[in-house]
Structure formats: C-alpha cells, structure tokens
Amino acid sequence: MAFLDNFSTDIGIDLGTCNTLIYVRGDKGGMVIDEPSVIAVERGTKRIVAVGSEAKRMLDKTPGNIIAIRPLADGVIADIDSTEKMIKYFISKIVPKHQFFKSVKMKIGIPSCITDVERRAVIEAALKAGAKEVEVIPESLAAAIGAKIPIFEPAGHMVCDIGGGTTEVSVISLGGMVVTHSIRIGGDKFDEAIVKHVKSVHNLIIGQPAAERLKIQIGNAAPEKTIEKMELKGTDAITGLPRRLEIDSVEVREALKEPVTKIVEEIKIVLSETPPELASDIIERGIVMTGGGSMLRELPKLISKETGVPVILVEKPLECVAIGAGEAFALFKDRSSDRSIFDSLND
C-alpha cells in the first residue's frame with residue numbers, strides 16, 4: 001500500500017476492551033482498522049476462525065468446538081496469546097506480506113491505572129505479533145493529541161476518556177499529566193449494569209450484546225424531552241422460557257446511575273486536586289470528552305451540571321486515542337529536538 005512506501009511505518013493503536021482501532025501516520029494513511037476486540041478460535045487446536053466484526057457476531061452463539069472470546073478486560077490483556085493473534089491479524093490486513101512487520105513501529109494507548117506486569121503484557125503481545133518497536137502512551141495523553149489539544153502550552157487542559165474498560169481523567173500542561181486518575185469503569189460496566197437491572201427488576205436474562213444495543217439506542221445519563229421505548233428479548237429467570245419485555249429510557253437511565261455517578265465523582269476528585277492556576281484554565285476551556293463511553297446521551301450535560309465546568313464532546317470520540325498515539329511519534333520527536341537546542345546552550 002502507498003502509505004508503507006517509507007522505510008518505517010508509524011502505527012498508533014487503541015487496544016480497547018471493546019474495539020481495536022489502528023491509525024497509520026502519514027498523508028496516505030489514516031484510520032485503517034476499527035473492529036471489535038473479539039477473536040473466535042477452534043477449541044483444542046486454537047486455530048483462528050474469525051476476528052473482529054465476524055467474531056463478535058459469534059459471541060454466545062458458537063457451537064461446542066468454537067470459542068469466541070474478548071481477550072481484553074477492564075482495559076488490560078486477559079489472554080496474551082489471543083491478543084497477539086488478534087493484533088497480528090489486524091496488521092496483516094494493512095501490511096503487504098513481503099513487508100510484514102519488518103519496519104512497523106507501534107505506539108499503544110494504555111490506561112494509567114494498569115500495573116507494570118499488565119503494561120509489559122501489552123508490549124510483549126505486540127512484539128510477539130512481529131512489531132519492530134513498541135512503546136506505550138497514557139490513553140488520556142493520546143486522546144488529547146488526537147483531539148488536537150495544544151498539550152505543550154503552559155495552560156491546563158482537562159481530558160476525560162471513557163473507553164470500554166476504563167475511564168481516565170487527566171489534567172495536561174506543558175506536554176505532561178499534572179493530575180491523572182484512572183478507574184476500571186467504562187462502557188462494559190454500563191452494559192453489565194443494564195443486564196443486572198433487567199434481571200433483578202424483571203426476572204429477564206439478557207446477554208451483553210442486547211444490553212449494548214439498549215444502551216446505544218435509548219441509553220441516557222440525564223432526563224430528555226421525550227421518553228423512548230425498546231423491546232428486549234431474553235430468557236425468563238424463573239420459567240427458563242423465552243420472553244419479551246418493553247423497557248423505556250427512564251428505566252435505562254436508572255440502571256446506569258451507579259457507573260455514571262462513579263465517573264462523575266472521579267472527575268470531581270481530579271478537579272479538586274488540580275492546582276488553582278490550571279483549574280482557572282479548565283473553567284475557561286472546558287472538559288474535553290473522548291472515548292466511546294462519552295457518547296452516552298446527555299452525559300456531557302450531566303457532567304457540566306455536576307461540576308459547573310463546560311464540557312465539550314469531540315467530533316470523533318472513538319478515534320482520538322488511536323490518532324493521538326500515531327501522531328505522538330512525530331510530535332514528541334520534534335519537541336525532543338527543541339530541547340536538545342536548550343541542552344547545548346546549557347553545556
């Protein structure tokens with residue numbers, strides 16, 4: 001492909017719990033992969049049957065000889081072998097076989113709350129997949145770059161990145177994170193809350209895919225002008241028989257209250273720990289929201305109401321981490337050159 005003509009290819013990856021996004025830096029690159037982080041393998045042989053969108057359709061629907069799994073959980077790798085295969089498959093779709101990984105450099109967005117062991121697992125999975133060089137970058141810093149925030153300014157910028165497995169809230173100034181908090185709550189916990197609510201209130205068992213559809217279609221974090229309804233299909237917890245249920249957006253909001261409240265509280269904690277001068281910048285510039293979880297309807301409105309700070313949802317929240325990770329290669333390289341000039345003056 002044209003964007004692989006240079007000696008090396010810089011790739012930014014958002015290795016998410018729900019979706020994997022891959023961005024290739026360069027005029028002829030761009031966002032090249034956006035697929036679910038799911039892999040289906042044959043039981044016993046571990047032969048790959050499907051990856052991404054096709055594998056996601058198999059979740060909870062596979063015969064006994066096939067296992068469809070999500071190799072990442074809560075923002076970290078739960079199955080390193082499957083993660084390695086998944087990365088290798090995705091990259092093979094964009095890199096010609098004769099160039100396969102020979103000059104690919106990866107920068108991967110990771111939550112700041114992960115342990116050193118978990119961080120090494122991410123790097124190891126990418127290296128085993130065949131990458132020449134792998135670096136990691138905090139998700140909120142990558143998201144800020146992807147959202148075109150001028151992170152090297154001597155001013156405070158606040159980013160809230162809500163992914164599938166984690167939420168990371170950071171205050172960034174002069175290219176670094178002044179305050180950062182990361183919690184293992186994200187889109188997956190939204191789905192789990194819906195599944196739990198429907199079972200406890202209506203004795204109906206539904207799967208994660210059904211909960212996700214409900215969240216996307218009528219999910220909300222604050223009251224709206226109209227009340228929407230949606231039909232669910234599941235298994236009656238008492239009789240074991242299939243059953244239908246109609247649920248409205250008010251009830252979905254109530255189901256999501258606990259995880260949403262925890263995210264709002266985390267944002268308040270970060271604001272309380274922010275130095276006054278940077279806090280005044282944030283009041284003026286607002287909180288920038290990225291990540292798929294930030295697309296929950298009325299969530300920006302709720303956060304603004306609870307904090308008293310303006311909230312801006314970026315145009316393409318899902319893509320920010322991958323784009324930022326890819327663009328960070330050149331961005332920090334340029335800044336390194338700038339610093340070397342000052343270093344020489346101080347010799």
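Which strand gives the most to the lining of the second largest cavity? Strand β9 (residues 104–110) does, with three residues. Strands are DSSP runs of E of at least two residues and helices are runs of H or I of at least four, numbered from the N terminus.

The structure is a predicted model, in which local features need pLDDT of at least 70 and side-chain atom pairs count only at pLDDT 80 or more, while totals for chains, interfaces and linings use all residues. Residues are numbered from 1 along each chain as its sequence is written, and side-chain values use heavy atoms, with hydrogens and water left out.

**Cavities and pocket**

On a 1 Å grid over the protein atoms alone, a cavity is a set of points where a 1.4 Å probe fits but cannot get out; a pocket is an open set with protein on both sides within 12 Å along at least five of seven lines, and lining residues have an atom within 4 Å of a point. By this rule there are two cavities of 30 Å³ or more.

| Cavity | Volume | Lining residues |
|---|---|---|
| Largest cavity | about 60 Å³ | Cys18, Asn19, Pro36, Val38, Lys56, Leu59, Arg70, Gln208 and Glu212 |
| Second largest cavity | about 40 Å³ | Leu15, Leu72, Gly75, Ile108, Gly109, Ile110, Pro111 and Val122 |

In the classes used here, Ala, Val, Leu, Ile, Met, Phe, Trp, Tyr, Cys and Pro are nonpolar, Asp, Glu, Lys and Arg are charged, and the others, Gly among them, are polar. The lining of the largest cavity has four nonpolar, two polar and three charged residues; that of the second largest cavity has six nonpolar, two polar and no charged residues.

The largest pocket holds about 560 Å³ of space. It is lined by 31 residues, of which Gly164, Gly291, Gly292, Gly293 and Leu318 are the closest to its centre. Helix α6 gives the largest share of this lining, three residues.

**Aromatic rings**

Rings of Phe, Tyr and Trp (its six-membered ring) pair if their centres lie within 6.5 Å; planes under 30 degrees apart count as stacked, over 60 as edge-to-face and the rest as tilted. The whole structure has two aromatic pairs. One of them, phenylalanine 152 with phenylalanine 332, is edge-to-face, at 5.5 Å centre to centre and 70 degrees between the planes. Its partners are 180 residues apart, phenylalanine 152 in the loop between α4 (139–146) and β11 and phenylalanine 332 in helix α11 (residues 320–345).

The charged end of lysine 107 sits over the ring of phenylalanine 329, 4.9 Å from its centre (the rule asks for NZ of Lys or CZ of Arg within 6 Å of the ring centre and within 35 degrees of the ring normal).

Conventions
Points joined across faces, edges and corners; volume = space filled by probe spheres on them.
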